[in-house]
Structures are given as C-alpha cells and as structure tokens.
Amino acid sequence: MSPEMSPELPPGNPPCRLSFDGRTIHARPGQSVGAALVAAGVVAWRTTRGEGRPRGLFCGIGVCYDCLITVDGHPDQRACLVPAADGMRLESGHAGGDADARER
Ligand code: FES
C-alpha cells in the first residue's frame with residue numbers, strides 16, 4: 001500500500017519517511033514521532049533498566065518521560081514532543097540519565 005493510501009496517516013501534508021530500527025515508518029510532517037510510531041503499531045520502544053519493562057507513550061504531553069527514544073543519534077528525546085521529519089532515524093533501546101527514576 002502506498003504511503004498516500006495508508007490508514008495510519010492522518011489527512012494533510014504529504015507523508016515523510018522515517019526509519020525505526022531499520023523499519024520504514026510513515027508520518028505527516030509535524031506529527032510527533034511518538035504518534036507516528038503508535039499509528040504504525042509500535043507501542044513500546046524502550047525498556048526500563050531495572051526490570052526491562054516496556055515503555056512508549058503514556059502522557060503524550062512531555063511530562064512523564066516514558067517515551068524516550070534516540071533520534072538521529074541523540075538519545076533520550078521525548079517522542080511525544082519531537083516533530084517527525086523526512087529522513088529521521090529513530091532507535092529503540094534503554095533510556096539513559098535518570099529517566100527510570102521517574103517511573104510510576
Ligand atoms: S509520553 Fe510522557 S513525556 Fe512523552
């Protein structure tokens with residue numbers, strides 16, 4: 001199915017292509033990378049260091065830090081706040097810093 005016909009994309013501007021761990025994800029420019037991942041069926045993209053529990057979007061507004069992801073080599077970016085852009089490279093993995101200390 002072409003990106004233009006994909007049901008995972010909201011209407012609007014032409015889609016852009018991102019890679020997520022080598023998989024191509026389509027998004028509208030300006031859509032958050034977290035929204036693009038969830039629309040593509042990816043609901044978790046990191047695990048906690050202590051117990052290896054999956055994490056993805058939770059609050060969706062930049063408060064909880066559950067959605068940390070590596071964007072173009074920059075770790076610990078909040079996927080719910082980063083706008084998608086064509087050619088962006090997303091990588092899953094463990095969060096760094098003190099993200100796990102903010103777990104609920
Ligand atoms: S989902 Fe809570 S900070 Fe991104």
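**View 1. The elements of the protein chain, in order.** From the N terminus on, the chain reads β-β-α-β-β-β-β-β-β, which comes to one helix and eight strands. Helices (H or I, at least four residues) and strands (E, at least two) are DSSP runs, numbered from the N terminus. Keep in mind that this is a predicted model: local features need pLDDT of at least 70, side-chain atom pairs count only at pLDDT 80 or more, and totals for chains, interfaces and linings use all residues. Residues are numbered from 1 along each chain as its sequence is written.

**View 2. The open sheet.** Five strands line up as β2-β1-β7-β5-β6, with mixed pairing; two strands pair if DSSP finds at least two bridges between them. At the edges sit β2 (23–27) and β6 (74–78), each pairing on one side only.

**View 3. Zooming in on β1 and β2.** Strand β1 (residues 16–20) runs antiparallel to β2, and five bridges join them. One to look for: S19 has T24 of β2 as its bridge partner.

**View 4. The largest nonpolar core.** This set has 20 residues, and L18, V33, A36, L37, I69 and A79 touch the most other members. A nonpolar core means buried Ala, Val, Leu, Ile, Met, Phe, Trp, Tyr and Cys residues joined through C-beta atoms within 7 Å; buried means 20 or more other C-beta atoms within 10 Å of the residue's own, with C-beta atoms placed from the backbone. Two or more residues each come from β1, β2, α1 (33–39) and β5 (68–71), and α1 gives the most, with four.

**View 5. Around A36.** Leaving out residues up to four places away in sequence, A36 touches L18, I25, A27, Q31 and A84. Contact here means C-beta atoms within 7 Å, placed from the backbone.

Technical notes: A residue is buried if 20 or more other C-beta atoms lie within 10 Å of its own, exposed if 12 or fewer, and partly exposed in between; C-beta atoms are placed from the backbone. Two residues are in contact if their C-beta atoms, placed from the backbone, lie within 7 Å.
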